[in-house]
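Subject: Structure handover

Hello,

Here is the structure I said I would pass on. My notes on what was found in it follow below.

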Amino acid sequence: ACTGTAARSLFGIGPSFPNNCRTIPYGIDTEAFLESAQKDLTTRRDLGIPEDRIVVGHIGRFMPQKNHEYLLQVAAEACKLNDKLHFLLVGDGPLRRDMEKLAGELNIVERLTFTGNRLDVPSLLLHCMDCFFFPSRWEGLGIVLLEAQLAGLPCYFSDRIPGEANVFPETNKTFVLRMPPRACAESLIAFIGATKRIAIQRKPRPLTVDYQIAHNALTLRAIYTRSRNVQASTAVRSPNHEQLV
């Protein structure tokens, strides 16, 4: 499983837990981020966002767990408090049309950009965002949160995110999801003000080996190889020495 929380959800808690379970954080391919850092593959101008805006980004499929309704409510309150904020929402899904309608009802259409699905996520994180906002109701791990941290962004995320995803706690902040949108907006703005210098650097940060895709692929391969060898050594054989599977 990718986290202890995911393991408990998948396998339950019993006398054999944690002996029969192994957690392996999702590995990130860092090469795409290193390549994107060398040049502006996607810029705010390409997205129609003024260069002087403070861009709060989010990446996620428009599904209930991602909590876009709360995100937009916070965005509406934040935009009242700071006229330089712009929210960049990357992704698609069955709730997108509902969220676009809600943005209109909240009168923040001009302060939002819905991009739909994109293949240039590393560039968006590195060159277009100042802060990453992740208010999920639940996550197995939170892959895009790892990518945002790899891109050097300060991250503001809900207390429902597994602790294993908080790789750089010194530049991140967790908020309580039951916080009213106005209070969350105030806290988000204060966080952006405290970490703005970090975002300007826009440089990929090195992840520990546990979060690197090559290392985790080898780890997973070793687990399956060991399991296969155990099965082979304990296989029951028939009198004519044919292995029974």
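Which residues of the largest nonpolar core touch the most other members? They are Ile59, Leu88, Leu125, Met129, Phe132 and Leu145, out of 32 residues in that core. A nonpolar core here is a set of buried Ala, Val, Leu, Ile, Met, Phe, Trp, Tyr and Cys residues joined through side-chain atoms within 4.5 Å. Buried means under 20% relative accessible area, exposed over 50%, and partly exposed in between, with a 1.4 Å probe and protein chains only.

Before the rest, a word on the source. This is a predicted model, in which local features need pLDDT of at least 70 and side-chain atom pairs count only at pLDDT 80 or more, while totals for chains, interfaces and linings use all residues. Residues are numbered from 1 along each chain as its sequence is written, and side-chain values use heavy atoms, with hydrogens and water left out.

The chain has nine helices and six strands; these are DSSP runs numbered from the N terminus (helices H or I, at least four residues; strands E, at least two). Of its 245 residues, 47% are buried.

Two or more of its residues come from each of β1 (54-59), β2 (85-90), α6 (121-127), β4 (131-134), α7 (143-150) and β5 (155-158). The largest share, five residues, is from α7. Another core, of 29 residues, lies apart from this one and includes Ala76, Phe87, Tyr156 and Phe175. In soluble globular proteins, nonpolar side chains tend to be buried together.

Leucine 88 has contacts (heavy atoms within 4.5 Å) with residues including Val55, Val56, Thr113 and Met129, leaving aside neighbours within four places in sequence.

Serine 187 lies in helix α8 (residues 181-201). Serine 187 counts as buried because its relative accessibility is 17%. Its side chain makes a polar contact of 2.8 Å with the side chain of tyrosine 156. A polar contact is a pair of N or O atoms within 3.5 Å; within protein, one must be able to donate a hydrogen and the other to accept it, and residues adjacent in sequence count only if both atoms are side-chain atoms. Not counting residues up to four places away in sequence, serine 187 touches Tyr156 and Lys173.

Finally, the start of the chain. Gly4, Ala6 and Ala7 are buried in helix α1 (residues 4-11). They are on the same side of α1 because they cover an arc of only 155° around the axis, taken from the directions from the helix axis to the C-beta atoms. Just after α1, glycine 12 has a positive phi of about 80°.

Regards
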